Amino acid sequence: MTDRCYLTLTGALHLKLGGAPAGPAGTGKTETTKDLGKALGVNCVVFNCGDNLDYKFMGKFFSGLCQSGAWACFDEFNRIDVEVLSVVAQQLLTIQNALKANLDKFWFEGRPIRLVPTCGVFITMNPG
């Protein structure tokens, strides 16, 4: 399973996309993502999501990822409020479009930021 996950996630990164490993709780989704980052020499930050997150915080988090080239694995992403997810989707689309256009800098949340192309966003969700 780990090999298939690695191939799928690296394929998604090549296409300037993220990934969302799926499966029951405790099956290693987050660990697999972290291990892939480690194997590729990319810093992977794991963040446990909750219903207290807002779009401003997520925007700052994404801004830091873009400028550092790090990965983020948002664990239990399904805990974020639906209203916030709508804005987060737009933020991620802005980042993906900048990556696909091979930009060095782009406008994000009203200001220009640097874009390091190794950045990546992954999410995990537990059923229920």
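Start with the open sheet: select its 3 strands, which sit in the order β1-β2-β5 with parallel pairing (two strands pair if DSSP finds at least two bridges between them; strands are DSSP runs of E, at least two residues, and helices are runs of H or I, at least four residues, all numbered from the N terminus). β1 (44-48) and β5 are the edges, each with a single partner strand, so one side of each has no neighbour in the sheet. From one strand to the next, the twist averages 20° (axes are lines fitted to C-alpha atoms, for helices over the stretch in contact, and angles run from 0 to 180 degrees between N-to-C directions).

A quick note on what you're viewing: this is a predicted model, where local features need pLDDT of at least 70, side-chain atom pairs count only at pLDDT 80 or more, and totals for chains, interfaces and linings use all residues. Residues are numbered from 1 along each chain as its sequence is written, and side-chain values use heavy atoms, with hydrogens and water left out.

Now pick β2 (residues 71-75), which pairs with β5 in the parallel sense over 4 bridges. Show Ala72 and you'll find Val121 of β5 opposite.

Next, bring up helix α2 (residues 29-40). It lies across β1, β2 and β5, running at about 175° to β2 (contact means heavy atoms within 4.5 Å).

Move on to β3 (residues 105-108) and β4 (residues 111-114), paired in the antiparallel sense over 4 bridges. They make a hairpin with 2 residues between them, and Glu109 in the turn has a positive phi of about 55°. Select Phe108 too: its bridge partner in β4 is Arg111.

Then go to the largest pocket, with about 330 Å³ of space (on a 1 Å grid over the protein atoms alone, a pocket is an open set of points where a 1.4 Å probe fits, with protein on both sides within 12 Å along at least five of seven lines; lining residues have an atom within 4 Å of a point). Of its 24 lining residues, Leu17, Gly18, Cys119, Gly120 and Val121 lie nearest the centre. The elements giving two or more residues to this lining are α3 (55-68), α4 (82-100) and β5 (120-123).

Finally, zoom out: the protein has 4 helices and 5 strands, running α-α-β-α-β-α-β-β-β from the N terminus. Its C-alpha atoms fill a box of roughly 40 × 30 × 20 Å along the principal axes.

Technical notes: Grid points are joined across faces, edges and corners, and a volume is the space filled by probe spheres set on the points.
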